[in-house]
Amino acid sequence: MHNHIQVKENNLYIEGCRATELAEKYGTPLYVLSENSIREKCQMVKNDFLNKYPNTHAAYASKALLTSSLVKLIEQEGFYMDVVSGGELYTAIHAKFPSERIIFHGNNKSLEELEMAVKNQVGRIVVDNLYELEALSTICRALNRKTHVLFRITPGVSSSTHDYIATGKKDSKFGISLDESIIFSAVETVLNDPFITFLGFHFHVGSQIFDNASHVSATEIALELVKKAHEQFGYDFKELNVGGGFGIKYTDSCEPQKIGYFVDAIMATIAAFCKDNEMAMPSVFIEPGRFIVGEAGTTLYTVGSIKKIPDIRTYVAIDGGMTDNIRPALYQAKYQATMAKRPFADTTQTVTLCGKCCETGDILIENLPLPEINSGEIIAVFSTGAYNYAMASHYNKHLIPAMVLVNGDQSNVIIRRETFEDLVQYDEIPGYLK
Ligand code: LLP
């Protein structure tokens, strides 16, 4: 399915590591991340975007997956990093990511988060609303620190993806609305603020997108705004950040586009606009998250109970579920899986792969074709690198899986396995209950 997944002697390998050996060594459920897959995706971004067009930058959207090791990897690749909370910002800074390469997003940043960003001199704050602009200005003044900002706009475009992950629509909680009375008064305010350098605009149209139409429409809308801001305020356009959303392969029926398909169309739109309006080309940023890490992840599970309901279905239960991968329950996301041993064995049945949570909807894959299978065997679910660990929970007090990073035949733990003690570490009992 992916380059880093191979089958040798009837066994599944992730890079040079045999899946069953990883499961035995580190236990299950286990997130396995392929370092070379991540580096290959970064290289694709370099070939198709950064090295092809001058004055372009890529920020990894860390909400897809953030661990201290990943911060190191992204830093080595020379990318910027998009963070969206104090916690993500802390993780990046703690692992010594250069703060000038951090872009801070969020639709309701707290005063503490804004102060943390200003104090740490993050390179860019993407202001989402006027409340935030005012708060940021006050903080910069109080700390006597200058900061660079972009405005996130709501371009009012719809994308062909699940409603929950479409963010460009006018009716969205994200971004500044393009009603002229709102956006131009914000531009005027920011241009007159001596503590804030206004760099330009940002939008993000949605996630897991296969069609470039919404990116191109949103780019056109942002450029129209730039033109009007230039006419009204003499504003010179320095940066445009077109967000992420580039879709990946979850199952064999997904046919994702190359990153060039999106960025070529976006860059052509910007270049034509700048030529027509005699403006200098801005810096252009993209923010891929899922594209960088999604396909790199594989989750290994051990099969437990197998329940055959005659004439209805067979439930194959694994030792994880919606607590380590909420996406099927939340977005009806589809995944593909095979046995770690004999992955090519003839399939003899179609099963429902379910988790161990007390929820009927805790189903990872419906209609999964499998060979005969026994309890104790290992199943691998593919493309689980993005928004799996990042969205994991302790529901039912299940433990969140450990994560290993594989590179060739080397494997290293990058998130240690949790213990039951970890689960009660924040609990406190008031004296009168003891
Ligand atoms: N930039 C901004 C401002 C974003 O809000 C996002 C994602 C990205 C970049 C990266 O998008 P990507 O390239 O990863 O598609 N939990 C959902 C996805 C939510 C995405 C939120 N924002 C899922 O599992 O599908």
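## Ground rules

A polar contact is a pair of N or O atoms within 3.5 Å; within protein, one must be able to donate a hydrogen and the other to accept it, and residues adjacent in sequence count only if both atoms are side-chain atoms. This is a predicted model, where local features need pLDDT of at least 70 and side-chain atom pairs count only at pLDDT 80 or more, while totals for chains, interfaces and linings use all residues. Residues are numbered from 1 along each chain as its sequence is written, and side-chain values use heavy atoms, with hydrogens and water left out.

## Glu 287

Let's begin in the loop between strand E12 (283-286) and helix H10 (290-293), where Glu 287 is found; helices (H or I, at least four residues) and strands (E, at least two) are DSSP runs, numbered from the N terminus. Glu 287 counts as buried because its relative accessibility is 4%, the cut-off being under 20% relative accessible area (1.4 Å probe, protein chains only).

The side chain of Glu 287 makes a polar contact with the side chain of His 105, at 2.6 Å.

## The ligand

Now for the ligand: 19 residues surround it, each with a heavy atom within 4 Å. Among the closest are Glu 287 and Arg 327. An N or O atom in the side chain of Glu 287 is 2.7 Å from a ligand nitrogen atom. For ligand oxygen atoms, the distances are 2.5 Å to an N or O atom in the side chain of Arg 327 and 2.8 Å to a backbone N or O atom of Arg 290. Taken alone the ligand exposes 580 Å², of which the protein buries 91% (Shrake-Rupley method, 1.4 Å probe).

Terms used: Buried means under 20% relative accessible area, exposed over 50%, partly exposed in between (1.4 Å probe, protein chains only).
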